[in-house]
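Please read it alongside the sequence and the model.

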Amino acid sequence: MIFITVKFTVRPERSDEWLDLVDDFTRATREEPGNLFFEWSRSVDSPHQFVLVEAFRDGEAGAAHVESAHFKAAMDTMSYAIAEIPQIVSTEIPGMDGWGRMGEVAPREA
């Protein structure tokens with residue numbers, strides 16, 4: 001599995017529209033056969049920062065994503081809304097095919 005996390009710092013005047021701006025990109029990526037998940041979150045500490053957590057089946061699926069028309073279109077669109085170059089962590093995790101379960105905590109009755 002290719003696991004990627006990206007921090008996007010958005011121009012303050014574009015922050016409220018960011019999720020709408022990336023909606024087509026998000027939908028298209030989630031439809032890719034090799035996509036495992038593609039999830040956006042907004043930072044609770046920095047209101048103009050969004051974090052993307054995504055994963056692809058393997059390197060081939062990741063390459064197909066980056067070479068897709070919707071990826072290229074999104075990078076162009078995003079470039080007008082970001083305040084700085086995004087920060088990224090990208091790594092391969094052998095033997096994983098999505099989210100695992102955390103072993104340290106489980107739901108209990110109150």
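The protein chain of this predicted model has a secondary structure of four helices and four strands. In sequence order, these elements follow the pattern β-α-α-β-β-α-α-β. The C-alpha trace spans about 45 × 40 × 20 Å along its principal axes.

- The protein chain has 110 residues, and buried residues account for 35% of them.
- Of the contacts between residues at least 6 apart in sequence, 72% join residues at least 24 apart.

**The sheet**
- The four strands form an open sheet in the order S2-S3-S1-S4, and the pairing is antiparallel.
- Strand S2 (35–42) and strand S4 (87–92) are the edge strands, each of them pairing on one side only.
- On average, and with direction ignored, neighbouring strands of this sheet are turned by 10° against each other.
- Strand S1 (residues 2–9) runs antiparallel to S4, and six bridges join the two.
- Within S4, Glu-92 is the residue that stands opposite Ile-2.
- Helix H3 (residues 59–67) packs on the sheet, where it touches S1, S2 and strand S3 (49–56). The direction of H3 makes about 130° with that of S3.

**Packing of H3 and H4**
- Two packed helices are described by the angle between their axes and the distance between the axes.
- For H3 and helix H4 (residues 69–79), the angle is about 55° and the axes are 5 Å apart.
- H3 is therefore oblique to H4.
- On the H3 side, the contact is made by His-65, Val-66 and Glu-67. On the H4 side, Ala-69, His-70, Phe-71 and Lys-72 take part.
- By residue class, the contact of H3 with H4 consists of three nonpolar, two polar and two charged residues.

**Aromatic residues**
- Nine aromatic pairs are found in a search of the whole structure.
- One of these pairs is formed by Phe-38 and Trp-40, with 6.2 Å centre to centre and 85° between the planes, an edge-to-face arrangement.
- Both Phe-38 and Trp-40 are buried.
- One aromatic cluster is formed by Phe-8, Trp-18, Phe-25, Phe-38, Trp-40, Phe-50 and Phe-71.

Terms used. Residues are numbered from 1 along each chain as its sequence is written. This is a predicted model: local features need pLDDT of at least 70, side-chain atom pairs count only at pLDDT 80 or more; totals for chains, interfaces and linings use all residues. Side-chain values use heavy atoms; hydrogens and water are left out. Rings of Phe, Tyr and Trp (its six-membered ring) pair if their centres lie within 6.5 Å; planes under 30 degrees apart count as stacked, over 60 as edge-to-face and the rest as tilted. Buried means under 20% relative accessible area, exposed over 50%, partly exposed in between (1.4 Å probe, protein chains only). Two strands pair if DSSP finds at least two bridges between them. Axes are lines fitted to C-alpha atoms, for helices over the stretch in contact, and angles run from 0 to 180 degrees between N-to-C directions. Contact means heavy atoms within 4.5 Å. Angles under 35 degrees count as roughly parallel, over 145 as roughly antiparallel, 65 to 115 as roughly perpendicular and the rest as oblique. Ala, Val, Leu, Ile, Met, Phe, Trp, Tyr, Cys and Pro count as nonpolar, Asp, Glu, Lys and Arg as charged, and the others, Gly among them, as polar.
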